[in-house]
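Work through the exercises below with the sequence and the model at hand. Each task is followed by a solution in steps.

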Amino acid sequence: MAVPNSEQPVHQGGPDVLAAAKKKERVKARWSLLREALIGSQSSAAAKNKHSMNSFAGFQVLDRTVIQDTDEYSDLLAKCHNADEGQDGEASSSWDFVQNSYTCKQGGKIQFVTREVKQQHQQSQQQCTSQSSMKSRVEALLSHRNHGVDNTGNVRVWDAEATLAGFLLSVLLSEEFINDSETDQETSEFTKVLDLRSRIKTALFANEESMCANVGQETCNILELGAGQAGLAGLAVASATASLDNMKLLQLVLTDGHPNCVENNRACSTLMPKREDVNIDSQLLLWDSSAKGAEECQRIIKECDKQPSLDQSSDEGLFHICLASDCVHFQEFHCGLFATIARTLTVGGVALLCQPKRGSSLANFMTLIDAVNEASTSNGPLFHVEMIEDFHPKVSKTHRSLESTNTTSTSYNPDWHRPLLLVMTKLRSFDEDVDGELAQKVVKTYITAK
């Protein structure tokens, strides 16, 4: 008879019992993490808890380094000085300046700086049990009640955002990837990526014929939804204008539902190396499927559209590219997110959503899109949809390496951590009454079934 390892728990009763025991362990661990958030303790045990979403270091598609020599960036600190005053009295010591960079295989490099909340605070610098500290933590946990949106964007920059930023920079730098596909499915994925990269470059780079004809500079309007505290994806594109030739004039609008994120995005915008004719704006925008949400989308469109086109209705949207990272996790916001993309994206425009599966959340969001498309028998589908798993070789290679280890000791969970790229191309105008009402019914169905 084999002697079980005394360090490992012994579960009897089959896979159902084992699954139940693991679920109980996860629940207990997450309540522990909630307790740590409330009382402010940052013990090493909690920080390294394998059930924390943050325990995996990420795919590191974008190189991100905290700037240590702040004297070198004193001018950047000065530019952000006014923004500090509105962040609930937080001192500049609460912020890090992060150098973000992407270097392609051919040697091209793009880098930019963002201001982000420090990930590590000295225990001695915080009164973790003080009334004010406890109050700030409770307010953060109740952000959805106070601001209509969660506080996750103020907590940290999530890996999906950095991954999408890195992917976009690889496209702009024309990085060449080798097709090492071994199956028809992998070849199909590679073809999808090549087509998407070509479409992104067409949207962002000026047409040679129009340049030769001297017909004026073309504009690409970009909207980032749920930009969080640093708007990495949108700002990565804006920063590329400083070093790459022939990019179109950019109108970039960074949006988030939390006012602190909006304010810090304004600070980050001042740090961007960009052409003088590139305009970056930061706006508060909640995803709302109601008439009020439609009005807010129109406000964003009108403020961005400095030179309205005579042959285009504002009802058809304005933005050529819409970016969103890790935005489909909370299924209660699916209908609002869907409507916001449909309202703001121009016909022919593309939305890039980068996120892990996170249980059923991503699958349900795709169910929502498919349901609206299939019901639109008279007008035709609203979106053409593609899901791309292998959109960047570093993500694919790291994922396969971690999967091959096949060990429970790793903190990597593909369902939580592996980013997938959902591509939505708008095919026609959004009908508020027909498409909007159907979307609400679909979301209500799977929310009720949870």
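**Exercise 1.** Describe how helix H14 and helix H18 pack in this predicted model.

Solution. Two packed helices are described by the angle between their axes and the distance between the axes.
- Step 1: The axes of H14 (residues 334-344) and H18 (residues 432-448) come within 9 Å, with a crossing angle of roughly 155 degrees.
- Step 2: Angles over 145 degrees count as roughly antiparallel, and H14 and H18 are therefore roughly antiparallel to each other.
- Step 3: The crossing of H14 past H18 is right-handed.
- Step 4: H14 contributes His334, Cys335, Phe338 and Arg343 to the contact, and H18 contributes Glu432, Gly436, Ala439, Gln440, Val443 and Tyr446.
- Step 5: By class, the residues of this contact are five nonpolar, three polar and two charged.

**Exercise 2.** Determine the strand order of the open sheet and state which strands stand at its edges.

Solution.
- Step 1: The open sheet has three strands in the order S1-S2-S3, and the pairing is antiparallel.
- Step 2: S1 (63-66) and S3 (109-117) each have a single partner strand, so they stand at the edges and one side of each lacks a neighbour in the sheet.
- Step 3: On average, neighbouring strands are turned by 25 degrees against each other, direction ignored.

**Exercise 3.** Examine the pairing of S2 with S3 and identify the helices that pack on the sheet.

Solution.
- Step 1: S2 (residues 95-103) and S3 run antiparallel and are joined by nine bridges.
- Step 2: Phe97 has Arg115 in S3 as its bridge partner.
- Step 3: Helix H11 (residues 232-240) lies across S1, S2 and S3, at about 140 degrees to S3.
- Step 4: Helix H12 (residues 259-270) touches S2 and S3, and its direction makes about 145 degrees with that of S3.

Notes:
Residues numbered from 1 in each chain as written. Predicted model: local features only at pLDDT ≥ 70, side-chain atom pairs only at ≥ 80, totals over all residues. Heavy atoms only, no water. Axes fitted to C-alpha atoms, helices over the stretch in contact; angles between N-to-C directions. Helix = DSSP H or I, 4+ residues; strand = E, 2+ residues; numbered from the N terminus. Parallel < 35°, antiparallel > 145°, perpendicular 65-115°, else oblique. Left-handed = near helix turned anticlockwise from the far one by under 90°. Contact = heavy atoms within 4.5 Å. Nonpolar A, V, L, I, M, F, W, Y, C, P; charged D, E, K, R; others polar. Pairing = 2+ DSSP bridges.
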